Amino acid sequence: MEAQSVKPISSPVPEAWYPTLAVLMLAVGLIVTASFFIYEATISKKNRSLAKELSTGAVASVFLGFGSLFLLLASGVYV
Amino acid sequence: MATIRCDLLLLWFISCCVISAPMVFSDLVISKVDRRIDLTSQIVRSFTTLKVENDGANSVSEILLPLPDHQAKNLAFLIAIVTEEKGKSKSYSDVLSVKVSNPDGMPPSLTWYSVSLPKELGKGERLSLEIRAAFTHALRPFPEKISQADAQLVLFQDSAYYLSPYAVKGQSLTIKLPQPVRVESYTKLENTKLTESELKYGPYENLPAFSYRPIMAHFMSNGPFAVAQELVREIEVSHWGSVQITEHYNLIHAGAQSTGEFSRLDYQARPHLRGASAFRHCIARLPPRAHSVYYRDEIGNISTSSLWGDATKTILEIEPRYPMFGGWRTAFTIGYGLPLHDFLFQSQGKRFLNISFGSPINDLVIENLIVKVVLPEGSKDISVSTPFPVKESQEVKFSHLDLVGRPVVVLEKPNVVPEHNQYFQVYYRFGNLSLFREPLMLISGFFFFFVACIIYMRSDLTISKSSPSYLAKLQWDEVQSVVQQVQGIINECLAIHDKMETSLRDLSRTGEVQPCKAVRKAADSSLKELSKDLKPLLSFLQSSGQAAHILPKVDELIGKEKELQEKLLLKHSTVVESFERKSGGKDADSRVATLQQKITALRQEVDDLLELLDEI
């Protein structure tokens, strides 16, 4: 009975996906980062909207965060 | 040799004392003892099968196993198994618990182990037991120092008779020697026989309790005497899919000390003659699907290793930087990753790691083994279950992306042999959300970076606020922002134009005039609003000196846009009118067509101007 209730635990994302996920999410993250900096550099100080800056930054950091996590995992640094 | 003599004399003395004391310890009688001692490796393994009979009236619940102190201090492993013989096949049932006990009135130079029986042995009942023991450092190199060309000779001592507090009816002893067999000397008793690979004593019959007869064998043993003085195994669990194992070895060849000089040339030319006592490699048997295997020391990677494997195991052969002679040391690290789902399980809300305790290296004696299990950050309620007693403590380790550190279970055990390679379990609780600590930390790190950029871009770090260049820059910033506002308004106008165009298309498709008119009305009012907004911006630009060079462009843009707007409105009203009057006709069509041409050209110009302003 005990043997039935014991089940192996594996990672929430299959390990084989890590490199692909890392590349995809980092690419998206870097594109959004680029758009953030283009916005920062081109729009003059008075016309900049804080909400837009923060939301672009948040989206970029979510993608960069997960992307770099998967990059670490794919390169063998299991955090 | 003197010390050995002393030992033997002492033992002889003890045995004499004991035998002379007319003590009947219990009514148990051992009807047959079959002892096999395996000396083929550095670890002395003894397999003893006992047939126990109860001759007395009282039932017995435990069997005592005494060991002389000099053997007990080398004892690494001891278990007792009840065997049931059915015909020729043997079946093993229970593994019985063995513990150290101290019965009263026993000679002090013996260490006692008691085996508790699964059920009491009544009068006249029989029981078969198998006792397995492993001793380390029981083979003493003699001579203690040899040169490179010498073979290693070792001494082994034991008793020809089975040391027992019970009378023994019949017994025999078989000592298995390493290949190739070369025996310098051995104790010759009655019924002693040296065969090809074995030394046999017995059978001896009807011996009283505490019979002891020292024997000694002096023979060649060139097997690896690899002893890890300290081994730290770090098992790191990551719920992202890996169990990472790092093992730090501090290895010594514990055989006869090497003296004289070492000639690499001789060793390379004839390794079997000029280096017989050395070992050049160790073989580690890793679990299947081990990946990312490495072998390094403080200098860096050691390239002399090879790895192969199949579905049931992974074999790693590692070669130290130099052949290991007696007394030589080496320190190295091996590491490997294992798939998480082979070792981590969930049961009744708790997670547990099920992994083997000892070192994967074959026939290695570990003097002090420290196993550290590093659990993920956020693990709670940690408990450990091991098949043998170990010293347990806890510590905290900081690793990648940690805030409060990871809980570490430290298990310590001296004198470990491969028999201790049994599975042990570490139970803990872990919330699934804790898994997202690390990504959350990375995300917040990046987010702080963006916030810092935003703050930097918004802050004004100029020291001299009154310098002309600073003022000019401020003015220019203002001009820029106004130009951008103008551009924004023009873009809004263009969006309204597009809306009107769409309404015209809808009109020709559906034929309903009302919505088209409503769009026109809304567009009229918003265009008016926008042109009102444009006025103060334009007057600011006209007054500002900095804007002198873009003013003509902005003027042109506004002019063109106005023209475009007029043409478009005209077109819109023409189309709507002709639709209402249902006259259509070529006349209206041609007018609309000319308007359309102008509109397209103007739109192109406005777009070009917008782009030009963008670049400024």
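A salt bridge here is a side-chain nitrogen of Lys or Arg within 4 Å of a carboxyl oxygen of Asp or Glu. The legends below describe a predicted model.

**View 1. B:Lys397 pairs with B:Glu236.** The salt bridge between B:Lys397 and B:Glu236 has its closest N and O atoms 3.4 Å apart. B:Lys397 lies in strand E29 (residues 391-397) of chain B and B:Glu236 in strand E17 (residues 226-238) of chain B, so the pair ties together parts that are 161 residues apart in sequence. B:Lys397 counts as partly exposed, at 23% relative accessibility. B:Glu236 counts as buried, at 13%.

**View 2. B:Glu236 also pairs with B:Arg406.** In this salt bridge the closest N and O atoms are 3.1 Å apart. The pair links distant parts of the chain, with B:Glu236 in strand E17 and B:Arg406 in strand E30 (residues 406-416) of chain B, 170 residues apart. B:Arg406 is buried, with a relative accessible area of 1%. Salt bridges that share partners join B:Glu234, B:Glu236, B:Lys397, B:Asp402 and B:Arg406 into one network.

**View 3. B:Lys200 forms a salt bridge with B:Glu198.** The closest N and O atoms of this pair are 4.0 Å apart. B:Lys200 is partly exposed, with a relative accessible area of 31%. B:Glu198 is partly exposed too, and its relative accessible area is 23%. Over all chains, the count comes to 30 salt bridges.

**View 4. Chain A meets chain B.** The contact takes 42 residues from chain A and 40 residues from chain B. Together the two chains bury about 3500 Å², with 68% of it on carbon and sulfur atoms. In chain A, A:Ile9, A:Tyr78 and A:Val79 lose the most area to chain B, together 21% of what that side buries.

View 5. Ten residue pairs are in polar contact between chain A and chain B. Strand E1 (7-8), helix H2 (18-42) and helix H3 (50-74) of chain A each give two or more residues to the side that touches chain B. H3(A) supplies the largest share, 16 residues. By class, this side of chain A has 23 nonpolar, twelve polar and seven charged residues. One salt bridge crosses the interface. B:Arg458 forms a salt bridge with A:Glu53, the closest N and O atoms being 2.5 Å apart.

**View 6. E1(A) pairs with a strand of chain B.** Two bridges join E1(A) to strand E25 (residues 344-347) of chain B. The two strands run antiparallel. A:Lys7 stands opposite B:Gln346 in E25(B).

Definitions and conventions
Residues numbered from 1 in each chain as written. Chains lettered and ligands numbered in written order. Predicted model: local features only at pLDDT ≥ 70, side-chain atom pairs only at ≥ 80, totals over all residues. Heavy atoms only, no water. Contact = heavy atoms within 4.5 Å. Buried area = accessible area lost by both parts, 1.4 Å probe. Polar contact = N/O pair within 3.5 Å; in protein donor to acceptor, adjacent residues only side chain to side chain. Helix = DSSP H or I, 4+ residues; strand = E, 2+ residues; numbered from the N terminus. Nonpolar A, V, L, I, M, F, W, Y, C, P; charged D, E, K, R; others polar. Pairing = 2+ DSSP bridges. Buried < 20%, exposed > 50% of the residue type's maximum accessible area, 1.4 Å probe, protein only.
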